[in-house]
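Biologist: Please put the model up, and I will ask about it one point at a time.

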Amino acid sequence: MTEKKNNQRDVDPGRQSGVAEKTDTRTKRPDMYKVLLLNDDYTPMEFVVQLLRQVFHLGEEQAVRIMLSVHQEGVGVCGIYSFEVAETKVAQVISASRSSEHPLQCTMEKA
């Protein structure tokens, strides 16, 4: 048998030692984006209200309020969404506008 020196410890070769670190597991909230409708002189107000109700699932009163904001101020905020949802809403508005032969523009910007 061999003797162990006082300053040596039994070390299991399969066991590792180290410092345990606590990791931060909080999830980051996604960036949010405003979906904006831009005014033009050709798209009928009724079409804009209908589009706001269908795409953004707004009530009549809120859709009319946003449509008037677009008409009077040149731009209106339709809603605030995550990037993917905002991108989809913009595409839906543009697609519906073009299929109805209206030049309505829709865009998004970081909220």
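Biologist: Is Cys78 buried or exposed?

Modeller: The model is predicted, so local features need pLDDT of at least 70 and side-chain atom pairs pLDDT 80 or more, while totals for chains, interfaces and linings use all residues. Residues are numbered from 1 along each chain as its sequence is written, and side-chain values use heavy atoms, without hydrogens and water. Buried means under 20% relative accessible area, exposed over 50% and partly exposed in between, with a 1.4 Å probe and protein chains only. At a relative accessible area of 5%, Cys78 is buried.

Biologist: How many disulfides does a search of the whole structure find?

Modeller: A disulfide is a pair of cysteine sulfur atoms within 2.5 Å. For Cys78, the nearest cysteine sulfur is that of Cys106, 5.5 Å away. The number found in the whole structure is zero.

Biologist: Which side chain of opposite charge is nearest to Asp40?

Modeller: Lys and Arg count as positive, Asp and Glu as negative, and His and the chain ends are not counted. A salt bridge puts a side-chain nitrogen of Lys or Arg within 4 Å of a carboxyl oxygen of Asp or Glu. Asp40 is buried and has no salt bridge. At 7.2 Å, the nearest side chain of opposite charge is Arg98.

Biologist: Which residues does Asp40 touch, not counting those up to four places away in sequence?

Modeller: Contact means heavy atoms within 4.5 Å. A polar atom of the Asp40 side chain lies 3.5 Å from the backbone nitrogen of Leu104. With the sequence neighbours left out, Asp40 touches Pro103 and Leu104.

Note on methods
A polar contact is a pair of N or O atoms within 3.5 Å; within protein, one must be able to donate a hydrogen and the other to accept it, and residues adjacent in sequence count only if both atoms are side-chain atoms.
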